[in-house]
Amino acid sequence: MERIVEANGIRLWCETFGDPADPALLLVMGLGARGATWPDEFCRLLQEGGRYVIRYDNRDTGRSSGVDFEAKPYTMIDLAQDAVGLLDGLGIAAADVVGASMGGMIAQEIALEHADRLRSLTVIMSSAEPLDPVTNTFRGTQRDPRLAAWDAEQIANPPSTREEHVEAHLKLARILAGQLTEFDEAATRAIIEREIESATDAAPTSKNHILAAFASRDRSGLVGSITAPTLVIHGSDDPMAPIAHGEALAAAIPNSEFLPIEGMGHGFPAPVLPRISAAILRHTGR
């Protein structure tokens, strides 16, 4: 079911799967990506495991409100407040929170700032380190040469047409895919086209999310205070956030569990969905 929820002074689009009487599981997506980037099959597996699954568009993406960042700058803490406001709007007191990439940064802030609103924390392909505006990557990480070349190409030849946007995102997805399975261009293109077509013209690009990440605090010295049961999942072939970031995050959070996925990059290839969903169902069922 799709709906719009007023939260934190903005409008957030969300989609729910399953029975509201089941334990709520909130999926928080990353930089510039729509909630629908969470694979349908992944949501189905979690729903069949007895969870009330919620995916949503962060501010400045998809059908959620766009924000004038210069007039009203924000950080991951504000995006965490959006997520809590969404739970308020849905009448949910507490949820199991799963964040991917920048969504994992937001999820950490929910655990730090709103500990009473989450039952457990799962962080996928993310980091506690801040994003460095000089290297455009997490602190202590060298930008992958393929990503640096992609960045340079976007600056030199910014996409202007719909097809150019699709091709640019397809090229990026191929870089991020990892070695777990052969890259499925047709399926990836379909996802990208769906996201572009479903976004409103009023929603700004991911530029604001990048600025928000640059402005956000370093959590590496803070996550040790997280008390929620925590699962950290990370791919061994992640070019955006190398696996050392996941290892460090898991080591910093007391009593957390670390699940490495051999060959997984920065994304959700179909072969790993059953394994990841099963791990989350076990983790949230404790």
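Which residues does Ser-120 touch, not counting residues up to four places away in sequence? The points below take up this and related matters for the model, which is a predicted one.

1. **Ser-120 and its surroundings.** Ser-120 belongs to strand 6, which covers residues 118–124. Not counting residues up to four places away in sequence, Ser-120 touches Ala-95, Asp-96, Val-97, Ala-228, Pro-229, His-283 and Thr-284. With Asp-96 there is also a polar contact between the side chains, at 2.6 Å. The relative accessible area of Ser-120 is 2%, below the 20% cut-off, and the residue is therefore classed as buried.

2. **Thr-230.** Strand 9 (residues 230–235) contains Thr-230. The relative accessibility of Thr-230 is 0%, so this residue counts as buried. Its side chain reaches the backbone oxygen of Ala-228 at 2.8 Å; Ala-228 is also one of the residues touched by Ser-120. Leaving out residues up to four places away in sequence, Thr-230 touches Leu-121, Ile-253, Ser-256, Glu-257, His-283 and Arg-286.

3. **Val-28.** Val-28 is located in strand 3 (residues 24–28) and is buried, with a relative accessible area of 0%. Apart from neighbours within four places in sequence, Val-28 is in contact with Trp-38, Tyr-56, Asn-58, Val-97, Val-98, Gly-99, Ala-100, Gly-103 and Ile-106. Two of these residues, Gly-103 and Ile-106, are buried residues of helix 3. By contrast, the C-alpha atoms of Val-28 and Glu-163 are separated by 27 Å, the two residues being 135 apart along the chain.

4. **Helix 2 against helix 3.** The axes of helix 2 (residues 76–89) and helix 3 are 8 Å apart, and the helices pack at an angle of about 75 degrees. Helix 2 is therefore roughly perpendicular to helix 3. On the helix 2 side, Met-76, Ile-77, Leu-79, Ala-80, Ala-83 and Val-84 take part; on the helix 3 side, Met-102, Met-105, Ile-106, Glu-109, Ile-110 and Glu-113. By class, this contact has 10 nonpolar, no polar and 2 charged residues.

5. **Helix 4 against helix 5.** Helix 4 (residues 145–156) and helix 5 (residues 162–176) have axes that come within 10 Å and cross at roughly 170 degrees. Helix 4 is therefore roughly antiparallel to helix 5. Helix 4 contributes Arg-146, Leu-147, Trp-150, Glu-153 and Gln-154 to the contact, while helix 5 contributes Ala-168, Lys-171, Leu-172, Ile-175 and Leu-176. These residues divide into 6 nonpolar, 1 polar and 3 charged.

6. **Positive phi values.** Most residues other than glycine have a negative phi. Met-125, not a glycine, has a positive phi of about 45 degrees. Its place is in the loop between strand 6 and strand 7 (131–132), and Met-125 is buried, with a relative accessible area of 4%. Asn-255 likewise has a positive phi, near 60 degrees. Asn-255 lies in the loop between helix 8 (243–252) and strand 10 (257–261); at a relative accessible area of 77%, Asn-255 is exposed.

Definitions and conventions. Residues are numbered from 1 along each chain as its sequence is written. This is a predicted model: local features need pLDDT of at least 70, side-chain atom pairs count only at pLDDT 80 or more; totals for chains, interfaces and linings use all residues. Side-chain values use heavy atoms; hydrogens and water are left out. Helices (H or I, at least four residues) and strands (E, at least two) are DSSP runs, numbered from the N terminus. Buried means under 20% relative accessible area, exposed over 50%, partly exposed in between (1.4 Å probe, protein chains only). Contact means heavy atoms within 4.5 Å. A polar contact is a pair of N or O atoms within 3.5 Å; within protein, one must be able to donate a hydrogen and the other to accept it, and residues adjacent in sequence count only if both atoms are side-chain atoms. Axes are lines fitted to C-alpha atoms, for helices over the stretch in contact, and angles run from 0 to 180 degrees between N-to-C directions. Angles under 35 degrees count as roughly parallel, over 145 as roughly antiparallel, 65 to 115 as roughly perpendicular and the rest as oblique. Ala, Val, Leu, Ile, Met, Phe, Trp, Tyr, Cys and Pro count as nonpolar, Asp, Glu, Lys and Arg as charged, and the others, Gly among them, as polar.
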